[in-house]
Amino acid sequence: MKNVPIGQYLIEKGLITEEQLQDVLAKKKEDKNKLFGEIVVDLGYVSDIEFAKCLADRLNVQFIDLAETELKADIVNKIPEAVAKKYNLIAVSLMGKRLTVATNDPVNFYVFEDIRVITGCTPVPVMATKAAITKAIGKMYSEGNMSTVAEEVKKEMESGDGEEEIDFSADRIENAPVVKLATQIVENSFRMDATDIHIEPFKNYTQIRVRVNGDLVKLMEVSSNVHNSLVTRYKIISGMNIAEKRIPQDGRFSQDVDGVHLDVRVSNLPVVHGEKVVIRILATGDVGVRKITDLGMNDYNYKMFESCLKVPQGVLLVTGPTGSGKTTTLYAALGELAKPNVNVITVEDPVEKAIEGVNQCQVNAKAGMTFAAALRSILRQDPDIVMIGEMRDQETSEIAIRAAITGHLVLSTLHTNDAASTITRLVDMGVAPYMVATSLIGVVAQRLVKKLCPACKKKRLSTPEENELMGIDKNVPIEVYDAVGCKECSDTGYRGRTAIHEILLATNEMSSIIAKGAKSDEIAELARKQGTKLLRDNVSDLVQQGVSTMDELVRVSYAV
């Protein structure tokens, strides 16, 4: 079995069909420079990890997950950066003269002969995905560079070069220390899986922090005289007015990091000691839209969400605070609904990810393209499914609800704390209760909860008070875990986040009490009777499974 071609091997493993294999081989004939694995992953038939594991098994080579592997700088540097990038490989470990090297092409003899000559060691190939290797190369070789570049910027400022007339040729600008620093801040933040970068000026220094897993973590400090140049650089590339320092401005730019195209949004705000800049990092359409099976829903919630998506017309709302993953959930739903036989149109502010087969428009308030104006126009475009980025006002809400009543499926978001209060919020915004009752399919409230680092989490028994918070018998202590912090999780105690959901379905009984103007606590009571698992129930399950902590339960669901 191990000697069969990889395509046949994938079929035997049940990962692809014969038709899909023929598709891949046809594409391979068109583009002879692309590897079989790259094509099968690009077509979406298997994930890069599935293919790498399969190929490793087929070649009898070990597969390693670089995200879970600790890499040491002195071993990584055995292979020069240029060589690592050229062949897309990275040194993982060294035992005597045996150098373990992660690669996505472990049978390329010429590459390993080169590595043997360069390092003086015998290379032992292990299999990893191309994306994981690219990210590891970026992270390992750039570590330490940022502080060096910051020092270069500081010296340039102190020597007065920053004030003099400079040569604006593309090469000169690209190699200017402040440009390198601006680029590296975004690169390093993306490699840390940060969502936002905060550049904050104080009296004697400027602090740069990044938001990782929902918490702000200090990235570095730079001297105050570097601040203006750094801010000016971000203002130039994001299309802001560099002469205007008295009012807030917004802009955006794009940057490629480790083969991923980033859409970067920049917000600038004048504060006491200068201008504060907040940068939001968005991975654009290059990073595939998640499937609804990847949203972290438990089986019970997944079935409820799936049943909502089967309804042909009505309004489905996703709610939660800023940064709780609402847009990701909506995009996953759209990816499921966007079939060749339906017309899907979205109105967003801004468009965050390009979705194949979906018509996406962007709000532009200055030009008069508001949510309401765009929505009116969209309803004349013969849509089947409409996605509205956010219901911000009465006008948008009313048009959306009317669209749902007239036979369209409308998906949107609202900023509310739970599923029940979403319905009363719509009524408060001026939408008649009977219209909400007639059009609503369901409400998905969600939050993001931090997951414990498996390497350092610490077991203990719960207290009666904690059992009460989890809604279980307070006289029977259970095993729970606390966050500790280690090198692998950057001393935070947490690695990654997962979503928790509260799904309310608009059943006949629910619709009738909404039409009568029921308050949110009556709606919540009925939802619970009808099987809705509240946010607290979901996070409580995660604590009992050892996935999250009591601190997270309190942070996400505590109410007075």
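**Reading contacts, burial and packing in a predicted model**

Colleague: Which residues is Glu552 in contact with, leaving aside its neighbours within four places in sequence?

Modeller: Contact means heavy atoms within 4.5 Å, and, with neighbours within four places in sequence set aside, Glu552 is in contact with Val449, Lys450 and Tyr494. Before we go on, note that this is a predicted model, in which local features need pLDDT of at least 70 and side-chain atom pairs count only at pLDDT 80 or more, while totals for chains, interfaces and linings use all residues. Residues are numbered from 1 along each chain as its sequence is written, and side-chain values use heavy atoms, with hydrogens and water left out.

Colleague: Where does Glu552 lie, and is Glu552 buried or exposed?

Modeller: Helices (H or I, at least four residues) and strands (E, at least two) are DSSP runs numbered from the N terminus, and Glu552 lies in helix H23. Buried means under 20% relative accessible area, exposed over 50% and partly exposed in between, with a 1.4 Å probe and protein chains only; at 2% relative accessibility, Glu552 therefore counts as buried.

Colleague: How do the axes of H22 and H23 cross?

Modeller: Axes are lines fitted to C-alpha atoms, for helices over the stretch in contact, and the angles run from 0 to 180 degrees between N-to-C directions. For helix H22 (residues 535-544) and helix H23 (residues 550-557), the axes come within 9 Å and cross at roughly 170°. Angles under 35 degrees count as roughly parallel, over 145 as roughly antiparallel, 65 to 115 as roughly perpendicular and the rest as oblique, so H22 and H23 are roughly antiparallel to each other.

Colleague: Which residues of H22 and H23 meet, and how do they divide by class?

Modeller: From H22, Arg536, Val539, Ser540 and Val543 meet Met550, Leu553 and Ser557 of H23. For the classes, Ala, Val, Leu, Ile, Met, Phe, Trp, Tyr, Cys and Pro count as nonpolar, Asp, Glu, Lys and Arg as charged, and the others, Gly among them, as polar; the contact of H22 with H23 has four nonpolar, two polar and one charged residues.

Colleague: At roughly what angle do the axes of H11 and H12 cross?

Modeller: The axes of helix H11 (residues 177-191) and helix H12 (residues 224-237) come within 9 Å and cross at roughly 70°, which makes H11 roughly perpendicular to H12. On the H11 side the contact is made by Val178, Val179, Leu181, Ala182, Ile185 and Val186, and on the H12 side by Val226, Ser229, Leu230, Arg233 and Tyr234. By class, the contact of H11 with H12 divides into nine nonpolar, one polar and one charged residues.

Colleague: How many residues does the largest nonpolar core have?

Modeller: In soluble globular proteins, nonpolar side chains tend to be buried together. A nonpolar core is a set of buried Ala, Val, Leu, Ile, Met, Phe, Trp, Tyr and Cys residues joined through side-chain atoms within 4.5 Å, and the largest one here has 40 residues, with Leu504, Ile514 and Ile523 having the most contacts inside it. Setting aside neighbours within four places in sequence, Ile523 is in contact with Ala420, Ile423, Thr424, Leu504, Met510, Ile513, Ile514 and Ala518. A second, separate core of 35 residues includes Ala150, Val186, Ile199 and Phe253.

Colleague: Where is Thr498 found, and what does Thr498 touch?

Modeller: Thr498 is found in strand S18 (residues 494-505) and, at 16% relative accessibility, counts as buried. Not counting residues up to four places away in sequence, Thr498 touches Gly296, Arg447, Leu448, Val449, Lys451 and Leu542. The C-alpha atoms of Thr498 and Leu448 are separated by 5.6 Å, although these residues are 50 apart along the chain.

Colleague: How many disulfides does the structure hold?

Modeller: A disulfide is a pair of cysteine sulfur atoms within 2.5 Å, and the structure holds zero disulfides. Cys456 is in no disulfide, and the nearest cysteine sulfur, that of Cys486, is 3.7 Å away. Cys456 is buried, with a relative accessible area of 12%.
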